[in-house]
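Have the model open as you read.

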Amino acid sequence: MLNTIGRTSLTLAAILIVVAMGLVYSGLRMTGEALAVNTVSVGDNFFSPASVTVAAGSTVTWTNDGARPHTSTSDTGTWDSGMLKAGQTFSQIFGTAGTFTYNCAFHPEMVATVVVEASAPAPTEAPQATPAPEANPAAPAAPAQPAPVPAGAVAMPVGGGPPLEEGWFQWAMALAGLGALLAFGGVGAIVAGSRIEGRRTA
C-alpha cells in the first residue's frame, strides 16, 4: 500500500516538475517575442515586414530565414550587412529620424523601408534661481559622458536573454515546490513500505 502511494507520489512529482520547466520555457519565449519588436525576417525574395517603424536610437536586426544568401543594404550607403547566409543576423542602430530604404544587393527586387521617428523631447520646466555652488577644488570631476552612437554604427545583440515575467516565475516555483514535496513524500512512503515488508517477512 505504502509502496503504491510512494510510486504515485513520485510520478506526480515528476509531472509537476516537468510542467514547471515548461512554464519557465514558455514564459521566456513569450517575453523574448514581446521584446523582439524591431526584427526583420529576410526570406527568399522578400523582407518581412516590408516596413518597420522605430524610435530614434533603436536597433533593427535582420535574420536570414531563407535558404539563399542575402544582404540588408541601404540605398544611400548608410549601412551594408554584407552577405548573410542562412541563419545569420545583422543589426543596425538608427540614431536619427528619417525614412531609410534598403534592398538586397543580390536580389534588387527585394526592397523595404525603416521609418525612424524622433524621440519625444523631455518636458521642460520653468527655470528656477539657484545659488551658485561654492568652489571646491577637492571635489572630484564629473565622469565623462559616453559619446553618442553614430547613425552608421553596427551593434550586435548582447547575450543574457529576456527577463521572465513575474507571474510565470511564481507559477513555476509553486509547481516545482509542490513537486519536490511529493517527491520527498513518495520516497518516504517507499522506504516505510519496504521496512514494513521486511518486518513481515522476517
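This is a predicted model: local features need pLDDT of at least 70, side-chain atom pairs count only at pLDDT 80 or more; totals for chains, interfaces and linings use all residues.

## Aromatic pairs

Eight aromatic pairs turn up here, counting rings of Phe, Tyr and Trp (its six-membered ring) whose centres lie within 6.5 Å; planes under 30 degrees apart are stacked, over 60 edge-to-face and the rest tilted. Take Phe-47 and Tyr-102: they sit edge-to-face, 4.8 Å centre to centre with 70° between the planes. Phe-47 is in strand β2 (residues 46-48) and Tyr-102 in strand β7 (residues 98-103), so this pair ties together parts 55 residues apart in sequence.

Residues are numbered from 1 along each chain as its sequence is written, and side-chain values use heavy atoms, leaving out hydrogens and water.

## Around Tyr-102

Tyr-102 counts as buried because its relative accessibility is 0%, and Phe-47 does too, at 5%. Buried means under 20% relative accessible area, exposed over 50% and partly exposed in between (1.4 Å probe, protein chains only).

Tyr-102 also pairs edge-to-face with Trp-62, at 5.3 Å centre to centre and 80° between the planes. Trp-62 belongs to strand β4 (residues 58-64), so its pairing with Tyr-102 in strand β7 ties together parts 40 residues apart in sequence. Trp-62 is buried as well.

Ring pairs join Phe-47, Trp-62, Trp-79, Phe-90, Phe-94, Phe-100 and Tyr-102 into a cluster.

Key:
Helices (H or I, at least four residues) and strands (E, at least two) are DSSP runs, numbered from the N terminus.
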